Amino acid sequence: MELSRPMTISTTSPREGLETNYEEHKQTWAGGLHRVLCMQGGDDDGSYAKNSEAPASAITLSKPLLLTAIQSLNLKLFSRIEEEKDCCIRIADLGCATGYNTLATIDMVVECLRKKYIHECGVEPEFEAFFSDLPSNDFNSLFRSLPAATTRHYYAAGVPGSFYGRLFPKRKLHVAVSLSALNWLSQIPDAVLDKRSAAWNKGRVWIHGAKKEVVEAYAKQSEEDLENFLRCRKEEIVHGGILFMLMGGRPGFQQPENQLGDPDSSAKHPFATSMDQAWQDLLKMTKRRETGSIFRNI
Ligand SMILES: C[S@@+](CC[C@H](N)C(=O)[O-])C[C@H]1O[C@@H](n2cnc3c(N)ncnc32)[C@H](O)[C@@H]1O
């Protein structure tokens, strides 16, 4: 993960400690994460485009479900295509990032719908695909990797913004997908960042091994976020359209504070501790800089 652009960490003098930095940046972590966080752009070895096999396999596994949902669409419900020769079907990928996954997903949805239209209505509609992600996403790379206009069956557009708010006018979309993106919260819950709160997570960036209050604060945030997401999509998707959400989960029997599915996981899986260590190192870096700092490559 990358913090998208050089983030000026104000004019903190090196004599001021981590404490000051923490208080200053709490504001960003709590409310402004969507402005700075994004997947690593470009297409070099460290880019998301070259490191997205895990979400790719999740998409492959869920593909039959998505295709079945599309096949079950009642086309007459949301388009009178026989009468409206200029009918356009609009599809959105919410949290698209960059690279193959989003391109392949849009392609799959368009192809499936195109064949269904030809088969059931004898006509081929036009398609508009909206690639949507946070403004910090590398849309330039994404657009550079689009197939040539002559070979794809859709018009493409980018929609920058958070999917926890409205992104489209009312009843605009016929199919909206969000793949491996809704596990991102809109913000770090305030209580987790508040040293006076029982849910204070001691500056850690990882919920694993945290106490009950921390877990509850994250769960509450997650619930609020998901509700906002659904409320917005309800407005934007046409009657009879599809919202397809793919997100990570854990079995009910597994405690939420045990994120790695193994009671002894901190010892066995260095990931959780590495994440914390990386965060602490970044904080130290900001402390050392005289007038500013750049967060990169978390
Ligand atoms: C792991 S990537 C998944 C990308 C792609 N869907 C895939 O399956 O490969 C998660 C994406 O969700 C985006 N994202 C996170 N929070 C978001 C939000 N509030 N609104 C829009 N996009 C968001 C991130 O910027 C990131 O590009």
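Colleague: Which elements do the buried residues of α5 pack against?

Modeller: They pack against α3, β3, β4 and β6. Contact here is C-beta atoms, placed from the backbone, within 7 Å. Buried takes 20 or more other C-beta atoms within 10 Å of a residue's own, exposed 12 or fewer, and partly exposed is in between. Helices (H or I, at least four residues) and strands (E, at least two) are DSSP runs numbered from the N terminus.

Colleague: What should I know about the model and the numbering?

Modeller: It's a predicted model: local features need pLDDT of at least 70, side-chain atom pairs count only at pLDDT 80 or more, and totals for chains, interfaces and linings use all residues. Residues are numbered from 1 along each chain as its sequence is written.

Colleague: Back to α5, which of its residues are buried?

Modeller: Asn-101, Thr-102, Leu-103, Thr-105, Ile-106, Val-109, Val-110 and Leu-113.

Colleague: And how far apart are the end C-alpha atoms of α5?

Modeller: They are 31 Å apart, which agrees with the 32 Å that its 22 residues should span at 1.5 Å a residue. The expected span is 1.5 Å times one less than the number of residues. Just after α5, Gly-122 takes a positive phi of about 70 degrees.

Colleague: Which residues touch the most other members of the largest nonpolar core?

Modeller: Ile-91, Ile-106, Val-109, Val-110, Ala-129, Val-175 and Ala-176, out of 37 residues in that core. A nonpolar core is a set of buried Ala, Val, Leu, Ile, Met, Phe, Trp, Tyr and Cys residues joined through C-beta atoms within 7 Å. β3, α5, β4, β6 and β7 each supply at least two residues of this core. There's also a second, separate core of nine residues, including Val-192 and Tyr-218.

How values were computed:
Two residues are in contact if their C-beta atoms, placed from the backbone, lie within 7 Å.
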